[in-house]
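My notes are below, in the order I went through it.

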Amino acid sequence: MEDDTSDEALADLKSRQLGVWGVAQITAGTGLAVYAMWVGILQPGFRKVPLRLQVPYIPASKAQVNNVMTLLRGRKGSLMDLGSGDGRIVLEAHRHGFSPAVGYELNPWLIRLARFYAWRSGQQGKVFYRREDLWKVDLSKCKNVTVFLAPSVLSLLQDKLHAELPDDALVIAGRFPLPDWQPCRIEGHGVDRAWAYTMQAQRQHTFRKNDNLMATGNNPVNEITKTKEIN
């Protein structure tokens, strides 16, 4: 119903000229209302987070959730959603058999909202939402990770994922891809697109890249030695 409301509102905007009051009415029923919620209510939960690592709350659309679940098809085990927002990815993952399904979110308002949705859907006590800094979460035993985060965060998160996740782990990124990784699969189009990455493939790619650098002599150790010889 929410998606239908948004589509109707956009069609209305394209078909006729609206006054200030008309725009305000449509805004209340679209994603712009989410931004107002972020500024007025949810942003205070991020006051201690550096500005470049703050990610505004934008709920995943039904298409985005479906694309994530498609990429996770055939997988099982635990799932962690880093920056879980209102918890809809975690809820859907639990419905698809992932256990435990855990969301990590720093904003206390969103944690409460996620727990309310879990209660309303009868999943209370079956999914878990924890108020914790994603940089401090231990990923060493997790088999499946989902992230809907901004590019500035993803560029730093790559290193944590690479260092901690086991080889058989799968990472799903929604809205924005991991900037330096090669996806094994892509699902969807535009803002609904999701990218899947296997940790084993990423480590093999890194190993080959380092191997090539050593073979060509362009590694940092050789560069330092050449500089000393010249001097």
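**Ground rules.** I'm working from a predicted model, where local features need pLDDT of at least 70, side-chain atom pairs count only at pLDDT 80 or more, and totals for chains, interfaces and linings use all residues. Numbering starts from 1 along each chain as its sequence is written, and side-chain values use heavy atoms, with hydrogens and water left out.

**Confidence.** I checked pLDDT, the predictor's confidence in each residue from 0 to 100. The protein averages 78, and 65% of its residues reach 70 or more. Helix α3 (residues 32-42) has the lowest confidence, with a mean of 46, while β4 has the highest, at 98. I also noted two stretches where pLDDT stays under 50: residues 12-18, with five contacts beyond four places in sequence, and residues 223-228, with three such contacts. Contact here means heavy atoms within 4.5 Å.

**Overall make-up.** I counted nine helices and seven strands. Of the 231 residues, 38% are buried; buried means under 20% relative accessible area, exposed over 50%, and partly exposed in between, with a 1.4 Å probe and protein chains only. The exposed surface comes to about 13800 Å², and carbon and sulfur atoms supply 56% of it; the areas are from the Shrake-Rupley method with a 1.4 Å probe, and for residues only the protein chains shown count as cover. Taking contacts between residues at least 6 apart in sequence, I see that 62% join residues at least 24 apart.

**The sheet.** Two strands pair if DSSP finds at least two bridges between them.

**β4 and β5.** I then followed β4 (residues 144-147) and β5 (residues 170-174), which run parallel and are joined by four bridges. V145 has V171 as its bridge partner in β5, and T146 has I172. All five residues of β5 are buried. L170, I172 and G174 cover one face, and V171 and A173 the other.

**W181.** Is W181 buried or exposed? I found W181 in the loop between β5 and β6, and it is buried, at a relative accessible area of 9%. Leaving out residues up to four places away in sequence, W181 touches Q158, L161, H162, V171, Y197, M199 and Q202. I also looked at A196, 15 residues away along the chain from W181: their C-alpha atoms are separated by 9.9 Å.

**K160.** My last stop was K160, in helix α7 (residues 151-164). K160 is buried too, with a relative accessible area of 8%. A polar atom of the K160 side chain lies 3.2 Å from the backbone oxygen of W135. Beyond four places in sequence, K160 touches L134, W135, K136, V137 and L139.

Terms used:
Helix = DSSP H or I, 4+ residues; strand = E, 2+ residues; numbered from the N terminus. Polar contact = N/O pair within 3.5 Å; in protein donor to acceptor, adjacent residues only side chain to side chain.
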